[in-house]
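Visitor: I have a model on the screen and would like to go through its architecture. Could we take it step by step?

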Amino acid sequence: MTSPTVVVFGSLNMDLVVRVERAPHAGETVAAESFLMNPGGKGANQAVACARQAARVVMAGRVGDDDFGVALKSALQRQGVDASSVQVGSGSSGIAMITVDDAAQNRIAVVGGANAEVSEADADGLRTPLREAGLLLLQLEIPLPAVIRAAQVARSLGCTVLLNPAPARMLPPELLALVDILVVNETEAQVLTGLNNVDASNAAEAAALLTRRGPRDVIVTLGEHGVVWHGPLGTRSVPAVPVRAVDTTAAGDTFIGALAALRVEGRSMDEALAHAVKAATLCVTRHGAQASIPSRAEVEAFEAGVC
């Protein structure tokens, strides 16, 4: 019997990354230090992160019939991700324009392109891969009706639903009711809870509040302050590992992909969170999006060195 699959339904973008000493002010031009073009998109990043932690992964979504679309599918396949469910439409693939400054902070503008064409019919097409899946991984860089429909299909098949509600936005109660695991950063937690601010001091409160909206487990990521998890056994925290960050672009996606990979293979939430924190920690010490996501062997070596 093969191990369960993670099905990722979401966005694929080509990231156009410019490194600068500092981000320009309005109307200002600054000299850039370097330019990098590499595959990205929250969906594809999380799919690669799952695959690099040794999970079987199916990616579903849309790309355009341009050179970027060909490159995005090929990049997934090189990482061992099954990209046969990525549809090719007419027009442009998704593009993300990213500036990264010397403080490792990023600013991102996204052109949805083909991602905006993902439909409820595409979600219905997930029924076959979801029958063999242990977890469906969702984000919000594709249209919300498609996300809701995918969660409905997964729930009907008894498949765990993990939602990363990024970019941050309010969510309809019907979607939250379909989610088993909700992973949010401070901004997303603030938007969803209505609290004036969410940080390490009140992340546990925010997580507990969100579990009352439907999810069984809520995880709040806090960057250098680690993560807080609220679930059936109460609230726990996992500290971050201090490192010198150079680029935070795919840290959240790395954390979520690693978490999904370990959960689908049957690891406890405690084990999965500890591993995911270390995977994200390694990610921020490297440049790029998918290029910065560590392998399982690298994370395990890092764990051995830290423990």
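Predicted model: local features only at pLDDT ≥ 70, side-chain atom pairs only at ≥ 80, totals over all residues.

Visitor: How many helices and strands does the chain come to?

Guide: The secondary structure comprises 11 helices and 13 strands. The radius of gyration of the chain is 18 Å, close to the 19 Å that the globule rule gives for 307 residues, so the chain is as compact as a globular protein of that length.

Visitor: And what box do the C-alpha atoms fill?

Guide: Along the principal axes, the C-alpha atoms fill a box of roughly 50 × 45 × 40 Å.

Visitor: Let us turn to the sheets. What is the strand order in the sheet of nine strands?

Guide: The order is S5-S4-S1-S8-S9-S10-S11-S12-S13, in an open sheet with mixed pairing. Strand S5 (82-88) and strand S13 (234-238) are the edge strands, each pairing on one side only. On average, neighbouring strands of this sheet are turned by 15 degrees against each other, direction ignored.

Visitor: Which helices pack on that sheet?

Guide: One of them is helix H2 (residues 67-78), which touches strand S4 (56-63) and S5. The direction of H2 makes about 165 degrees with that of S5. Helix H7 (residues 186-193) also packs on the sheet, touching S10 and S11, and its direction makes about 110 degrees with that of S10.

Visitor: How do S10 and S11 run, parallel or antiparallel?

Guide: Strand S10 (residues 181-185) and strand S11 (residues 217-221) run parallel and are joined by five bridges. Within this pair, Leu182 stands opposite Val218 in S11.

Visitor: Now the sheet of four strands. What is its order?

Guide: This open sheet has the order S3-S2-S6-S7, and its pairing is mixed. Strand S3 (32-40) and strand S7 (106-111) stand at the edges with a single partner strand each, so one side of each is left without a neighbour in the sheet. The twist from one strand to the next averages 15 degrees.

Visitor: What about S6 and S7: how many bridges?

Guide: Strand S6 (residues 94-100) pairs with S7 in the antiparallel sense over six bridges. Ile98 has Ile108 in S7 as its bridge partner.

Visitor: Changing topic to helix packing. At what angle do H1 and H9 pack?

Guide: Helix H1 (residues 42-52) and helix H9 (residues 251-264) pack at about 50 degrees, with their axes 7 Å apart. H1 passes H9 in a right-handed crossing.

Visitor: Which residues of H1 meet H9?

Guide: Lys42, Asn45, Gln46, Ala49 and Cys50 are the residues in H1. Their counterparts in H9 are Asp253, Thr254, Ile256, Gly257, Ala258, Ala260 and Ala261. The residues of this contact of H1 with H9 divide into six nonpolar, four polar and two charged.

Visitor: And H9 with H10: how closely do the axes come?

Guide: The axes of H9 and helix H10 (residues 269-283) come within 8 Å and cross at roughly 150 degrees. Angles over 145 degrees count as roughly antiparallel, and H9 and H10 are therefore roughly antiparallel to each other. The crossing of H9 and H10 is right-handed.

Visitor: What meets what there?

Guide: On the H9 side, the residues include Phe255, Leu259 and Leu262; on the H10 side, they include Met269, Leu273 and Val277. The residues of the contact of H9 with H10 divide into 13 nonpolar, two polar and two charged.

Visitor: Finally, the backbone. Where is the cis peptide bond?

Guide: A cis peptide bond joins Ala166 and Pro167, with omega about 0 degrees. Pro167 lies in the loop between strand S9 (160-163) and helix H6 (173-176).

Key. Residues numbered from 1 in each chain as written. Heavy atoms only, no water. Pairing = 2+ DSSP bridges. Helix = DSSP H or I, 4+ residues; strand = E, 2+ residues; numbered from the N terminus. Axes fitted to C-alpha atoms, helices over the stretch in contact; angles between N-to-C directions. Contact = heavy atoms within 4.5 Å. Left-handed = near helix turned anticlockwise from the far one by under 90°. Nonpolar A, V, L, I, M, F, W, Y, C, P; charged D, E, K, R; others polar. Rg over C-alpha atoms; globule rule 2.2 N^0.38 Å. Parallel < 35°, antiparallel > 145°, perpendicular 65-115°, else oblique.
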